[in-house]
Amino acid sequence: MSKSSKLSLHVPEPLSRPGDKPDFSFIKLSEAGEIRRPAVDSRPQDMHDTAFGLVRVLNDNHEAVGEWAADIKPDILLHGLKAMVKTRILDDRMLTAQRQGKTSFYAQCRGEEAIAVAQRLALRKGDMCFPTYRQQGLLVAQNIPLVDMINQVFSNSGDNLEGHSLPSLYSYKEYDFFTISGNLTTQYIQAVGWAMASAIKGDDKIASAWVGDGSTAESDFHAALVFASVYKPPVVMNVVNNQWAISSFQGFAGGEAANFACRGHGFNIPSLRVDGNDFLAVYETSKWAIERARNNLGPTIIEWVTYRAGAHTTADDPSKYRPIDEYKYWPLGDPIERLKGHLIKLGHWDEAKHDALVEELTVEVKAAVKEAESFGTLNKGPMPGADEMFDHVFKEMPEHLRKQRQEMGM
Amino acid sequence: MSEQTTSRKNMIEAIRDALDIKMTEDDNVVVFGEDVGYFGGVFRATDGLQKKFGKSRVFDTPISELGIIGAAVGMGVYGLRPVPEIQFADYILPAYDQIASEVARLRYRSSGQFTAPLTIRTPCGGGIYGGQTHSQSPEAIFTHVCGLKTVMPSNPYDAKGMLISAIEDDDPVIFLEPKRLYNGPFDGHHDQPVKPWSSHELSEVPDGHYKVPLGKAAIRRPGEDVTILTYGTMVFVAEAAVKESDIDAEIIDLRSLLPLDEEAIIKSVKKTGRCIVVHEATKTCGFGAELISIVQEHCLHHLEAPVIRITGWDTPYPHAQEWDYFPGPARVIRALEQVMEQ
């Protein structure tokens, strides 16, 4: 050990910046089929290895291999493919709408579609999701009418949230989709609390908690792990590691030092690290964690390794902090292309059908946008009434708010 | 109305009684917090409840106020009526984001789809040699948040009736308990023997279910010359000051800060033409500023003198200097004399 008289601070730095050749050498890939599938009732301390590899099912030949490969019904795979494609088309149209001034803000999930879509298909009706703003796939997977979502994005007269919330911070109780906060990670401990309540009442429903790599740094994440460890409630604790939190790479959440899955180990929570761009891997590992939860075996933490292929939101320009073509070098590919390849390999799909699907969904999304426009847009109105600003602060409007609404002229 | 039996209770017993009644009536009421379960709470408010209702409805938690409130929000969203305890109001700040940004706004940001009817119980105020971290009165950081109700009862009767109201309320309630009042109506004379609740009429508590509405002030002493707007421990400090000063003051115990009984305030100040505001919390941007603003807005032409605030000084709550800090009867008397001079 060399002697040094001066201390120095370690400030993490990603391997590549704008102008550099993208470098993902830090991602250690496991082979498809390499990681074992522990029995669902395994003790957490007997499965530490699953936090360090990368569960992958689809190999480069589009085949499902290994212990995590299961006989998933083709209609589930096709449903998943359709939902992912629809989500991407919706995202693209909403980005365009933002540039046209029809909304102020939008958060897309390009490249991460498989995670939300596959997990939702593995859950049951009544299982509650506590999402971030990049899990719109949870809604699309349930065939929600797109016009409902777009009305919210446009903050128009049909917005189910009366214009109260930032565009794309949806809330749909009927789709088991908890209101998105915008303050990061607050929903993670809430999901644990919801799952505790389900256990207190002897229910059979489970919760699904969502957070990104960057916001695991919030103390809510730690609190959630502590409570999950202590009370062992039925909750799937998802960490979507898409490598970037606006301009900060995952090293600023401690990802250089240790991956996110293994954070479960200190709490004796079983931990999986999974290829988030592999629909089959997401579906099967989700089912495994859901089965554990449903059988009173407690929480599971899953790190989904993926890549945020688009900008953080419409207010972000990633070319300022990462190579503009970085997404092309992402070693886990594109989730839609990979599932499509698998379905073709199985003989359930072909290029012509895929083109027809894209065409059909493009028409569907366009029609939904048009319908939503009939309810108004942010730049042209009609918007929710000014008086609706005062609704739902309390169950019953207190006197001081009534007076303020009057003062405004309502 | 059928006749209701009553019992003498101190404030802790009244609070425990309210929890017991609501837990008996409603399976969805759950109680938890640090040391709350087996032990029954550091102030004994939950003593015996775990034994009676079981460990899944009354339980201890990790030392994580953020976790306690965050989990309570999730439970509320599920459909429970959680009554979490934060051991001292001084410890509530780690949970502030979950309170101010989350539970207060769930209804708003989801347009009524999701709500969490929490009642967050927490002991506040000083007078127990608790120093900076066991003495504060943080009510103003909650009254400033839209979507919260913030209340502070001053006696066993109100504590029970208001806690039942809070638990039944569908909006989140911050339920502040002045801990110096737990065992008696402390009037600020710290050098005199402690008076127990048993000698005070407000310790006569009905045995069953009753409610004291949130948003209604109580006139503790009617008077003609000056209005004292106060709440919590300072209600009894004000009573002592009035008794010792021979000034015919009207003492209003606000009980609920949000919603606030503006009508009671305005009516009284218009009648007396003078007003002082007394609270234990620090002065600058304290709740007294809001009260005075309301008074000047509605009663300016009735006022004979400027409104005076008697509060804790704008310092952290000190330990050794506790009784120099605590706004006791002597300061209130001086303020009463000052407003009466004009």
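Predicted model: local features only at pLDDT ≥ 70, side-chain atom pairs only at ≥ 80, totals over all residues.
**Entry 1: A:A224**

Leaving out residues up to four places away in sequence, A:A224 touches A:Y188, A:I189, A:V192, A:A209 and A:M237.

I then asked which residues have the most contacts inside the largest nonpolar core. They are A:V192, A:A209, A:A224, A:V235, B:A238 and B:I276. The core itself has 207 residues. I noted that α5(A) gives the largest share of this core, ten residues. Domain 1 (6-189 + 193-205) and domain 2 (215-341) of chain B both contribute residues, so the core lies between them.

**Entry 2: helix α5 of chain A**

I went on to helix α5, residues 186-200 of chain A. Is α5(A) mostly covered or exposed? I found it mostly covered, with 15 of its 15 residues buried.

I also checked the length of this helix.

**Entry 3: chain A as a whole**

Along its principal axes the C-alpha trace spans about 70 × 55 × 55 Å.

I looked up burial next: 51% of the 410 residues of chain A count as buried. I then turned to contacts in chain A with a separation of 6 or more, and 77% of them are between residues 24 or more positions apart.

**Entry 4: strand β7 of chain B**

I moved to chain B and its strand β7, residues 173-178. Six of its six residues are buried, so the strand is largely enclosed by the rest of the structure.

Which way do the residues of β7(B) point? I found B:V173, B:F175 and B:E177 pointing one way, and B:I174, B:L176 and B:P178 the other way. In a regular strand, side chains alternate between the two faces of the sheet.

Finally I looked up the pairing partners. Strand β5 (residues 119-124) of chain B pairs with β7(B) in the parallel sense over six bridges, and B:I120 stands opposite B:I174. Strand β6 (residues 149-151) of chain B also pairs with β7(B) in the parallel sense, over three bridges. There the bridge partner of B:K149 is B:V173.

Definitions and conventions. Residues numbered from 1 in each chain as written. Chains lettered and ligands numbered in written order. Buried ≥ 20, exposed ≤ 12 C-beta atoms within 10 Å, placed from the backbone. Contact = placed C-beta atoms within 7 Å. Helix = DSSP H or I, 4+ residues; strand = E, 2+ residues; numbered from the N terminus. Expected span 1.5 Å × (residues − 1). Core = buried A, V, L, I, M, F, W, Y, C linked by C-beta atoms within 7 Å. Domains from an automatic or database assignment. Pairing = 2+ DSSP bridges.
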